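Reader: I am new to this structure and would like to learn how to read it. Please take the features in turn.

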Amino acid sequence: MPQRKPKLAVWKFSSCDGCQLSLLDCEDELLAVADAVEIANFPEASRAVVKGPYDISLVEGSITTPHDAERIHGIRRASKFLVSIGACATAGGIQALRNFKDVKEFISVVYARPDYIETLKKSTPITDHVFVDFELRGCPINKLQLVEVLSAYLNGRKPNTPPHSVCSECKQRGTVCVMVAHGLTCLGPVTQAGCDALCPAYARGCFGCFGPKETPNTAALAAWFTQAGMSDRELVRAFRGFNAYAEPFRRESEMHEK
Amino acid sequence: MKNRTIKVDYLARVEGEGGLLIKVKGNQVSEVKLRIFEPPRFFEAFLRGRHFSEAPDITARICGICPVAYQMSACHAMEDAFGAQIPPPIRSLRRLLYCGEWIESHALHIYLLHAPDFLGYEDAIRMAKDHPDAVKRGLRLKKAGNAIVNLLGGREIHPINVRVGGFYKIPAKSEFLALAEELKWAREASLETVRWVASLPIPDFERDYEFVSLRHPDEYPFNEGRIVSNRGTDIAVREYEQHFAEEHVAHSNALHSATKEGKSYFVGPLARYSLNFDRLPSHVQDAARAAGLGTVCRNPFQGIIVRAVETLYACDEALRLIDAFEMPDRPFVEVEPRVGSGCGCTEAPRGSLYHRYRIDERGLISDAKIVPPTSQNLKTIEHDLLDLVPKNLEMQKDRLQWRCEAAVRNYDPCISCATHFLRLEIEKE
């Protein structure tokens, strides 16, 4: 009997769709991926829905509504291997900037009838709600890392996504340090690799798309920024980007918010 | 006759989360609701207090499919506020970047999201089993567009190389020239795409729309021009809010736009094409005519043909821009922030995208307003369904439901944008 293809599901919470689009952006690999797995639930790409349980679930987006806080539990129960993809799913995303403010005030800025809007006070990552088997970082994720995660799962091995800093990628790439040579502020020393050190190669400092690296020394970097003339307000903004609510970045930004 | 309900809980092959509820009483549609349950993300609120230079990167995160559009409208709005002048070579490169996004986004919608509706497939992967050459052509075309965004933007989703005033770094001329070979293939492939989509079984359906888009004195519009309509509107971008307004409806986390008279209007490829046909090069006009289009297109189901025509135009324009490439003296112009407000409107693949910002004395954003194309089209989509359903009540329920879904997908709606959209429920009471 031929072996059953693993069932892949893609789920969306609060997000921009960019990370799941990464799968459709695998122009060269998409048909091969579709050959290796059964795409069982992927609303952005298909109106066909195959019932669970699913072998692998990719979860994009953060939890921001009472309904979604319930929905994620159903998805966890229906999934053997659950991977959260992107900064929204792994850290709360840019919409987690609300976590530092009063969300009621936010609603009234955007919507004329705040009573129509149902939302939670905080935007939180998937792992705050259910057990997550693997977190794939990035804003957006790197599509080759996504193919790596799928390939690792299909072959029963651990995904190879380095936890070291963007700095290492600059060295590998041969990019001269933009902080040392050009005095740019750069989050590279505390940010996880995965983008192939893109920004420094384009003559700008890293702004933290992939979130904190393992054991980041944010305080030391903040001291360098201060020495270079950055104000506390600017420091707060620097650490409050797409991964603002990731613990090391959150803590550092709060240190400078007086 | 009995009452019926058509209900789609979660609309597929659109960007973001929404559903559709249509209630039919006898031969009358009593209610159409495009329900947007994509959670609100409050961009306008958390942009307050951020530095003006952060707006392009932050607003890009509203949409993973058209981040370039957000970056462009944000830059133009800031430059408007500060009175910055952008030199022609940088302006050309912005057009080139936009060409890349149009090719990538249109190819995605034509081949992966919309064509399966006309051929009766659940998705492009199933369609690929019977039409492998078409799907492969679509993917390669998409990749050719993405290659432009990759080079000039750094990456295809949320590019990192755009800044107020220009770019961080301009790649070498030889790198642009290296794109030309594949773009020549893409130009031929998009001509083939125009022929292919013209052969699809496209439903007859027309409405008398108010089309709204940018119009430029010499060019098919991307970044600049006046906002015009086929009902006589002809205004500067600055006057946008005097003519169009947003309202908040209970069934939607997206605001609905309308004209100040409360009328629905239409933005996107059909509107752009119908208002700017004379700005297309003659061979692109010929391809459109050969595909059965007139100078104005009022059938939203033919949007797939218009997208193919625009893809052909974008490939052509990209090749022209690469051929005429001129390295700017500097990758960007320095902008001097000052207190004031500025607005920008550019043509995202899905239609006009309006941004307005107020900047304080520290260069920080004190107020932001963003009107994405999909919120401008929501009312029009609901009106299409009000018209479409009564004409097709003899259809079997699942076929009618599919037709309604396709009618929504005509607009390539981007729900994540609109909430800064879709489940289908057709309820026959």
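**Core, contact and strands**

Author: The largest nonpolar core has 212 residues, and Val59(A), Ile22(B), Met78(B), Val309(B) and Cys404(B) touch the most other members. A nonpolar core is a set of buried Ala, Val, Leu, Ile, Met, Phe, Trp, Tyr and Cys residues joined through C-beta atoms within 7 Å. Buried means that 20 or more other C-beta atoms lie within 10 Å of a residue's own; exposed means 12 or fewer, partly exposed is in between, and the C-beta atoms are placed from the backbone. Helix α4 (residues 88–119) of chain B gives the most to this core, with 14 residues. Helices (H or I, at least four residues) and strands (E, at least two) are DSSP runs, numbered from the N terminus.

Reader: What kind of model is this, and how are residues and chains labelled?

Author: This is a predicted model, in which local features need pLDDT of at least 70 and side-chain atom pairs count only at pLDDT 80 or more, while totals for chains, interfaces and linings use all residues. Residues are numbered from 1 along each chain as its sequence is written, and chains are lettered from A and ligands numbered from 1 in the order in which they are written.

Reader: Into which domains is chain A divided?

Author: Domain bounds come from an automatic or database domain assignment. Chain A has domain 1 (7–154) and domain 2 (166–255). Their centres, taken over C-alpha atoms, are separated by 25 Å. Domain 1 of chain A puts 14 residues into the contact and domain 2 of chain A puts in 12 residues; contact means that the C-beta atoms of two residues, placed from the backbone, lie within 7 Å. On the domain 1 side, helix α4 (residues 86–91) of chain A gives the most, with three residues.

Reader: How many residues of chain B are in contact with chain A?

Author: In general, the size of an interface is often given as the accessible area lost when the parts come together. Here the count is of residues: 48 of chain B are in contact with 48 of chain A. On the chain B side, α6(B) gives the most, with five residues. That side divides into 21 nonpolar, 10 polar and 17 charged residues. Ala, Val, Leu, Ile, Met, Phe, Trp, Tyr, Cys and Pro count as nonpolar, Asp, Glu, Lys and Arg as charged, and the others, Gly among them, as polar.

Reader: Which strands pair with β2(B)?

Author: Strands of a sheet pair through backbone hydrogen bonds, either parallel or antiparallel. For two strands to pair, DSSP must find at least two bridges between them. Strand β1 (residues 4–8) of chain B pairs with β2(B) in the antiparallel sense over five bridges, and three bridges join β2(B) to strand β3 (residues 28–36) of chain B, also antiparallel. Leu20(B) is the bridge partner of Val8(B) and stands opposite Leu34(B) in β3(B). Seven of the eight residues of β2(B) (18–25) are buried. The hairpin of β2(B) and β3(B) has two residues between the strands, and Gly26(B) takes a positive phi near 60° there.

Reader: What is the strand order in the open sheet of three strands?

Author: The order is β11-β12-β13 in chain B, with antiparallel pairing. The edge strands are β11 (340–348) and β13 (365–371) of chain B, each pairing on one side only. Six bridges join β12 (residues 351–359) of chain B to β13(B), where Arg356(B) stands opposite Lys369(B). Helix α12 (residues 373–391) of chain B packs on the sheet and touches β11, β12 and β13 of chain B.

Note on methods
Axes fitted to C-alpha atoms, helices over the stretch in contact; angles between N-to-C directions.
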